[in-house]
Amino acid sequence: MTDLERKETKRWDYEGVMFLIYRDGEFLLEERIRLDSTLLGYTIIPGGNVEQDESHEQSFIREVEEEYGIKPVNYHSLGTFENVTLGGKQYLTTAYLVLDYEGEIVNREPEKCKLHWLPPD
């Protein structure tokens, strides 16, 4: 399939990634606090958009480094799926699970979110 055919047949507006970072029996989630966010008040799995000419895996690694200052070293893809956001945007999203990383987690976007470590139950 050519790039043109792929663009003509895709059913999504955007491509994205989401990632769960696991540490000591808990997962890192973001509570959205920015007033102009469509997700204001929600606690969500972090993620971001795939940039042009970037694979989902490259995007995931870039987003984790940009948002938290860490480098994932042991991670797994949990799969790719189509979803629609609360704002009505259609995404093709790949989810990742980070089991180990280098560095210390820092919230590099404190104006956007608060970080919470939560158990899976």
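**Reading the pocket, core and contacts of a predicted model**

Mentor: The largest pocket of this predicted model holds about 760 Å³ of space. A pocket is an open set of points on a 1 Å grid over the protein atoms alone, where a 1.4 Å probe fits, with protein on both sides within 12 Å along at least five of seven lines. Its volume is the space filled by probe spheres set on the points, which are joined across faces, edges and corners. Local features need pLDDT of at least 70 and side-chain atom pairs 80 or more, while totals for chains, interfaces and linings use all residues. Residues are numbered from 1 along each chain as its sequence is written, and side-chain values use heavy atoms, without hydrogens and water.

Trainee: Which residues lie nearest the centre of the largest pocket?

Mentor: Lining residues have an atom within 4 Å of a point. Here there are 26, with R32, L39, I44, T85 and Y91 nearest the centre. At least two lining residues come from each of β1 (14–23), β4 (47–49), α2 (56–68), β5 (71–84) and β6 (90–102); helices (H or I, at least four residues) and strands (E, at least two) are DSSP runs, numbered from the N terminus.

Trainee: What makes up the largest nonpolar core?

Mentor: In soluble globular proteins, nonpolar side chains tend to be buried together. A nonpolar core is a set of buried Ala, Val, Leu, Ile, Met, Phe, Trp, Tyr and Cys residues joined through side-chain atoms within 4.5 Å. Buried means under 20% relative accessible area, exposed over 50%, and partly exposed in between (1.4 Å probe, protein chains only). In this model the largest core has 12 residues, among them F19, F60, V64, Y68 and Y96. The elements β1, α2 and β6 each give two or more residues to this core.

Trainee: Where is the place of K112?

Mentor: K112 is in the loop between β6 and β7 (113–118), and is buried at 11% relative accessibility. A polar contact (a pair of N or O atoms within 3.5 Å; within protein, one must be able to donate a hydrogen and the other to accept it, and residues adjacent in sequence count only if both atoms are side-chain atoms) of 2.7 Å joins the side chains of K112 and E109.
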